[in-house]
Amino acid sequence: MLLQTVFGLQVTWYSALTYAILAIVAGYQAVKILTRQEPLEAALAETTKEILVTAIVVAMVLYYSANFVNLGSVSPQGVVDALQSVAQEAYLRMVKIAQCVANIRLSGPVSAYAGYAEAKFSIYDSLYEQAIWMYNQLAGLARFLAMYGGLALGLGLTVYAAAARRIGGIVIGVVLGLWIGLAVLASAASQSIKYCATQGLGPWGEDFHPFLNIGCDNELLATLQGNATTTSTTTSSSASCDDYAGWQMAIAYAWLFLLIAPSLGLAVGYLLGQ
């Protein structure tokens, strides 16, 4: 989107920010040249090197600032939505399982069976609880970076251009490392699980009632154990939600992100600051 016209040139936020940063760098370097006591040739040579390095960093950082690491078709909001969708799927599964167990408890003589029905899902509930907590936190981090990541990169670049390379490089490396890691994590986690409850597949889309749906636990469990077709008391539909290993991988991806992304970001930032 074109924002304004300056001296006949059409300027976007991307190019305006680029010009502003380069102007600050040029002014800073000019002051350094004027205050140096060494020969002008040496000062110009070092200044040229500084400007080239800064230009490379400017191009990289501003590209990611403007596009926020457009990984394939992934946008900032897309990364947030993908991470949140994993937590939402886990949440909806736990709600549906709880609804099933609660209605068994309300089914008179068979209410004593509710504890056994609940125990059947305990191995799945532990995964869903972890996924809800972890992916809600990561979605919040992604939302924060989508809102303020560009500002953090801009500040890091400004510090970097002001010759405080170690600090600026670390800020740039950590922010980019976190965002790229979140984009990769969102894609990997979304592909590792099936969205059965979100899409209302088979019994996951039913509204269970006391007495009428006493066998709801077996229906839900059948989908989680890999039975491709389940026949409900109210509908007949197909659903295969055998992705237990997928949920394990989704949680493993989250832990790997927490361990690897900041570490790699710090390493890259450290090298950038040398």
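Is D217 buried or exposed? I looked this up before anything else, in what is a predicted model. D217 has 0% relative accessibility, so I put it down as buried.

**Around D217**

I placed D217 in helix α8. Leaving out residues up to four places away in sequence, I listed what D217 touches: C100, I104, Y113, A117, K120 and F121. I also checked E118, which is 99 residues from D217 along the chain, and got 8.1 Å between their C-alpha atoms.

**Helix α8 as a whole**

Next I wanted to know how many residues of α8 are buried. The helix spans residues 216-224, and eight of its nine residues are buried, so I noted α8 as mostly covered. My list of the buried ones reads C216, D217, E219, L220, L221, A222, T223 and L224.

**α3 against α8**

Two of the D217 contacts, C100 and I104, turned up again when I looked at how α8 meets α3. On the α3 side I wrote down R93, K96, I97, C100 and I104; on the α8 side, C216, D217, L220 and L224. I sorted these by class and got six nonpolar residues, three charged and no polar. The two axes are 9 Å apart, at an angle of about 150°. Anything over 145 degrees counts as roughly antiparallel, so that is how I logged α3 and α8.

**α3 against α6**

Staying with α3 (residues 76-105), I turned to its packing on α6 (residues 165-192). Here I have an angle of about 45° and axes 9 Å apart. Which residues of α3 meet α6? I found P76, V79, A82, L83, S85 and V86, and they face W179, L182, A183, L185, A186, A189 and S190 of α6. By class, this contact has eleven nonpolar residues, two polar and no charged. I set that beside the α3 and α8 contact, where three charged residues are counted.

**Aromatic pairs**

I searched the whole structure for aromatic pairs and came back with four. The one I followed up is Y128 with W247: ring centres 5.2 Å apart and planes at 70°, so I called it edge-to-face. The pair links distant parts of the chain, 119 residues apart. Y128 belongs to helix α5 (residues 122-161), while W247 belongs to helix α9 (residues 244-272). I checked burial too, and Y128 and W247 are both buried.

**The whole chain**

Last, I stepped back to the overall layout. I counted nine helices and four strands in the protein chain. What order do the elements run in from the N terminus? I wrote it out as β-β-α-α-α-α-α-α-α-α-β-β-α. Of the 274 residues, 40% are buried. For contacts between residues at least 6 apart in sequence, I noted that 73% join residues at least 24 apart. The Y128 and W247 pair, at 119 residues apart, is my worked example of distant parts of the chain being linked.

Key
Residues are numbered from 1 along each chain as its sequence is written. This is a predicted model: local features need pLDDT of at least 70, side-chain atom pairs count only at pLDDT 80 or more; totals for chains, interfaces and linings use all residues. Side-chain values use heavy atoms; hydrogens and water are left out. Axes are lines fitted to C-alpha atoms, for helices over the stretch in contact, and angles run from 0 to 180 degrees between N-to-C directions. Contact means heavy atoms within 4.5 Å. Ala, Val, Leu, Ile, Met, Phe, Trp, Tyr, Cys and Pro count as nonpolar, Asp, Glu, Lys and Arg as charged, and the others, Gly among them, as polar. Buried means under 20% relative accessible area, exposed over 50%, partly exposed in between (1.4 Å probe, protein chains only). Rings of Phe, Tyr and Trp (its six-membered ring) pair if their centres lie within 6.5 Å; planes under 30 degrees apart count as stacked, over 60 as edge-to-face and the rest as tilted. Angles under 35 degrees count as roughly parallel, over 145 as roughly antiparallel, 65 to 115 as roughly perpendicular and the rest as oblique.
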